[in-house]
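Reader: I'm new to this one. Could you walk me through how to read it?

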Amino acid sequence: MRNDQSLMRKSHFLGTKIRNLRKRNHLTMEDLSARCIRVDSSSAPSVSYLSMIERGKRVPSAGMLAVIATVFQKDVEWFLDDMPEEQSITPEKGRHGGVSGMPLEPSFLFSNDILQIAIPEMLSQTGTSGRQFAQLLIRAHQEHHQNHFPDLERAAEDIGKKQLPLAAEEMLNIAKSMGLKIKWIDEIPTEVIDETGASSARLTTSFFEPPATIYINKALKANVPRLKYDLAVHIGHCVLHNKDGLKSVMTSGRRVEIDDDSSMQSNTLNAQDILHAWRDFESSFFAGALLCPKVPFRQLLDRHGYEIAVHKQLQVSASVAMRRMTVVSPYPHWHYFDAYAPGKLKAVYRGNGIPLPWGNMRIVEDPCHHWAVFRKINEPSTDGTSAQISILNVGNEPRIYCCESIKVDDSAGNPHVLCAGIDLNPAIEAQGKDAKSITADLKKACVDNGGLVAIPKHIKADLTSVAKILNINWIERGIDNDARVICSRGAVCPRQPSCYAAGKALCEES
């Protein structure tokens, strides 16, 4: 048996391994402590000590680790750094969404003091602004909770009384009933240049000034969906944050990090970044819940098979309707992108952990051109939508996705693409089917056919059954189209021949 001093030097992943092993075996800490007592009561950890071990606050003695190893029928060596298996140290997140986590071990490298030093250095060296990092934190929080924020839902329902739809006049009356004054301003779109040199238009649509005035661009009188959304956001700001004095400015257009405001370019993360990012998120979520209250909106979607076009009868934007789909649907495995050319994501939600087709902080050099959102961006503007079945490797395992994309213009006149999609594998498994086998067969058929293929009849039958159970019409439309194999980056393109060689695209479209 190794001595305790040697054990301490090789125990950086030990707590995480014990915790993940315990959870995989569906044991509470009380269960594990009791089982250890049955093995050797003199060396067994108490519940409180076991908690400290799992959190990296204590290192068990060699005898105590031997007892834990006996309970799980593992060699003692398995728990030590000599065998840092990825699966053993990756945090278990249950049904939570978003991208996979990483273990914060060795714990002494992830202390608050060290992180407070390392994060600003990381931001500075990568060129990531404090505002960008704050947005990333908020998105991770949103994805971890799979868009479920009941307190915000209730706050919106208290104001809107679950009424669907709410007319613009009713929104104005709600604002006035809260003591808010409405003033109208004249402002036209201005040209902005992003860090890549790309030009786009930006329009200030509204802003709130304390103590109780909302200034709204007159252009919104002709854009009822945007008028209602801006009013809903400002109402949310007042309800949730009690008109706290922060000046809240709303703009339309792609997010641009080059700005007159020097704080936007700061590579330090300060309290103001976090505060603004969190309040922007809360107010925006509140606005969606006010305009599309959960229960009546879900019922409406059920009646219309989750068609994007329902936004027209509600006089809300397609963006609001699609983002709310990811919240109100009983099926949790959704994703949503709001994409601007040539490759910037203004908004992202990944309740299913789908990899990004490109970055929302930096444009990547080898994005996969076969993503539906990417193809839609490069097509001429149309009123139609496009449904696509895609096969994508996630963690070395192929998965079947379906998405619906729509190309729209924002209030400043910039075209962009909204994309809502779902991961079909959990739905396939829920029907007692072998999702891995079905996905592998469809991927092979796509690859053998140069990257896209008409879905084979036996797979089509399984997917059609799932589409009907989920009651999502655009899945059935996607099944009628060719399935496409896509990738997270051109460097891992599964097509034969590859779409990329030496980082350069060999083909734009199959």
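Author: Axes are lines fitted to C-alpha atoms, for helices over the stretch in contact, and angles run from 0 to 180 degrees between N-to-C directions. Helices (H or I, at least four residues) and strands (E, at least two) are DSSP runs, numbered from the N terminus. A note on the source: this is a predicted model, where local features need pLDDT of at least 70, side-chain atom pairs count only at pLDDT 80 or more, and totals for chains, interfaces and linings use all residues. Residues are numbered from 1 along each chain as its sequence is written, and side-chain values use heavy atoms, leaving out hydrogens and water.

Reader: At what angle do helix 11 and helix 12 pack?

Author: Helix 11 (residues 224-241) and helix 12 (residues 271-291) pack at about 120°, with axes 8 Å apart. Angles under 35 degrees count as roughly parallel, over 145 as roughly antiparallel, 65 to 115 as roughly perpendicular and the rest as oblique. Helix 11 and helix 12 are therefore oblique to each other.

Reader: Is strand 9 buried or exposed?

Author: Buried means under 20% relative accessible area, exposed over 50%, partly exposed in between (1.4 Å probe, protein chains only). In strand 9 (residues 397-409), ten of the 13 residues are buried, so the rest of the structure largely encloses it.

Reader: How many bridges join strand 9 and strand 10?

Author: Two strands pair if DSSP finds at least two bridges between them. Strand 9 pairs with strand 10 (residues 415-423) in the antiparallel sense over nine bridges, and Glu404 stands opposite Ala420 in strand 10. In their hairpin, with five residues between the strands, Gly413 takes a positive phi near 95°.
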